[in-house]
Amino acid sequence: MNTATLIADAVSTFKSEGRIVIVGASLAGLRAAEALRDEGFDGQLTIIGDERHQPYDRPPLSKQVLKGWVPADHTELPQMRELDADWRLGVAAVGLDRVNMEVHLADGDKVPFGRMLIATGTRARQWFNPKEAALEGVFTLRTRDDAARLQAALMAGPGRVLIVGSGFIGSEMASVCRELGLAVTVAERADAPLVGALGGVIGEIAAEMQRDHGVDLRSGISVEALEGAPEGSSSGHVRRARLSDGTVLDVDVVVASLGSIRNIEWLEGAGLATGFWGVACDAGCRAFDINGVVTDNIFVAGDIARAPHVLYNYEFLSLEHWDNAVLGAAVAARNMVRLETDRVPHLPLPSFWSGQFGVNIKGVGVCSFGDEIVITQGSTKERRFAAAYGRDGRIVGAVTFNHGKWLEYYGAMIERSAPFPPPPPGYDRPADMTPVPARFPDPRVPTGTPDVVLTGHDPTERGAEFRPRKER
Amino acid sequence: MRIVVDLNRCQGYAQCVPLARDVFRLHGEEALMYDPNPDDSQRQRVLRAAAACPVQAILLEPLGAPE
């Protein structure tokens, strides 16, 4: 028997008798499980999720659920096939033992695996002051339970809602508040909404859109403190917010929409390449260990994955997009049960959407990779347009406002690294097609990334080690 | 029943809206909102809406799948 046959036999045996554990029971976890069974994996499949719910879809939470049209428990994802899986819901994974190949659970159980998938995603960044965060009426939005609680608070008819942060989700929530006829203030540290994802040029348009719909948008402002009643107290129900310009706002509901934190803590000590941006993996979804060496049995998918992308100078990208979870999960699943020569890469063309203030915002590529923008179609005044982002003379991203049918056209150009500014489309050209700076915030802002240091003098002992920074 | 619409794929043709008004709605001109878990009584309407979608963006759970 030659080596190739030996390996093929081992893979075939694993496919029929192996054990796979998926940690994370949301979109990526579910789709990975389905793809594993589609690939013919007949072994034991365990799906671990810290929430007690069956996998559900998150995008509706900040839109139709918050508005009260669709109940929060009406968001379960369709399960496209029989899974025959052991669901461990409502119990978090707390550790990964790579030597004994076991996942440790919060209830003390240990689940053995031959291969495993990390799909633990992200959680909402909480309000920075824990005492204030504990005030009644202070919310974040990530889970279905968060959405149900926030929806009930909006239904109670608060005098004013304060949304801190105006990324896509913060902006969507502001839109819902206005649709419900609620007074809403949006406090944004940057100069305008959506600047992190889309830059300052589009941010200005988004700001106008918010103000036209009656949002009290305060940009360049941070919220310094939340207070309960009576004045100055830090218990009970939130009643006031103190802004960095000295203003004091009367508020009854505060939503901290401050972005997400990747759920990597449970992997502490596992020796994987984890950090602020998630778990690094190759384009085939195999995790890197702390030294940057690829592992054989640990795969990563969804919001927590961070992989090099050919279109973007092979930089490691973390993509918190819906179809990155769907497509990444399918690739990870295939590669878990295939021979090396049959492995496939996960090379998504990033795509996203956001419905807010009656406008459908869709994007393709990585807009923030660009440093210039050009409006290529339509009219920004009418909020019906397409814009392309470029860097070094090539197109790297595009965004449309109520012009989604054109997105494919731009996606195809991004895939073939077409020149920037792109050739003018034959339709709907704006008067001015001059590229201008896209105005993204400086990416060199400090983050909570742990320092990784090299240790060992002997070349055979060289290795990386985490030296987490002390909390300041 | 459980459905999901791939809103990357959806281009706002809105063919689904008149076929199942209780399940699909437009928010503005082209942003689709929908009920991911409509009542089973909507099944025929949702099936028609899914079949009518020009970009096949509506995914339905197959009948008999585990609840």
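Predicted model: local features only at pLDDT ≥ 70, side-chain atom pairs only at ≥ 80, totals over all residues.
**Ground rules.** I number residues from 1 along each chain as its sequence is written, with chains lettered from A and ligands numbered from 1 in the order in which they are written. Local features need pLDDT of at least 70, side-chain atom pairs count only at pLDDT 80 or more, and totals for chains, interfaces and linings use all residues, while side-chain values use heavy atoms, with hydrogens and water left out.

**Where A meets B.** I started with the contact (heavy atoms within 4.5 Å). Chain A puts in 36 residues and chain B 31 residues. I then looked up the buried area, meaning the accessible area (1.4 Å probe) that two parts lose on being put together, summed over both. For chains A and B that comes to about 2800 Å², with 51% of it on carbon and sulfur atoms.

For salt bridges I used a side-chain nitrogen of Lys or Arg within 4 Å of a carboxyl oxygen of Asp or Glu. The rule finds 2 salt bridges across the interface of chain A and chain B. I looked at the one that joins the side chains of B:Glu29 and A:Arg384, at 2.9 Å from N to O.

**Chain A's side.** Helices (H or I, at least four residues) and strands (E, at least two) are DSSP runs, numbered from the N terminus. Helix H6 (168–179), helix H8 (322–336), strand E24 (351–356) and strand E25 (359–365) of chain A each give two or more residues to the side that touches chain B. The largest share, 5 residues, comes from E24(A).

**A helix pair.** Next I looked at helix H2 (residues 27–38) of chain A, which packs with H8(A) at an angle of about 35°, their axes 8 Å apart. The axes are lines fitted to C-alpha atoms, for helices over the stretch in contact, and angles run from 0 to 180 degrees between N-to-C directions. Residues making this contact include A:Leu27 and A:Ala28 of H2(A) and A:Trp322 and A:Met336 of H8(A).

I found a cis peptide bond joining A:Phe420 and A:Pro421, with omega about -5°. A:Pro421 lies in the loop between helix H9 (407–415) and strand E29 (436–437) of chain A. A:Arg383 is not a glycine, yet has a positive phi of about 55°. I placed A:Arg383 in the loop between strand E26 (372–379) and strand E27 (384–391) of chain A.
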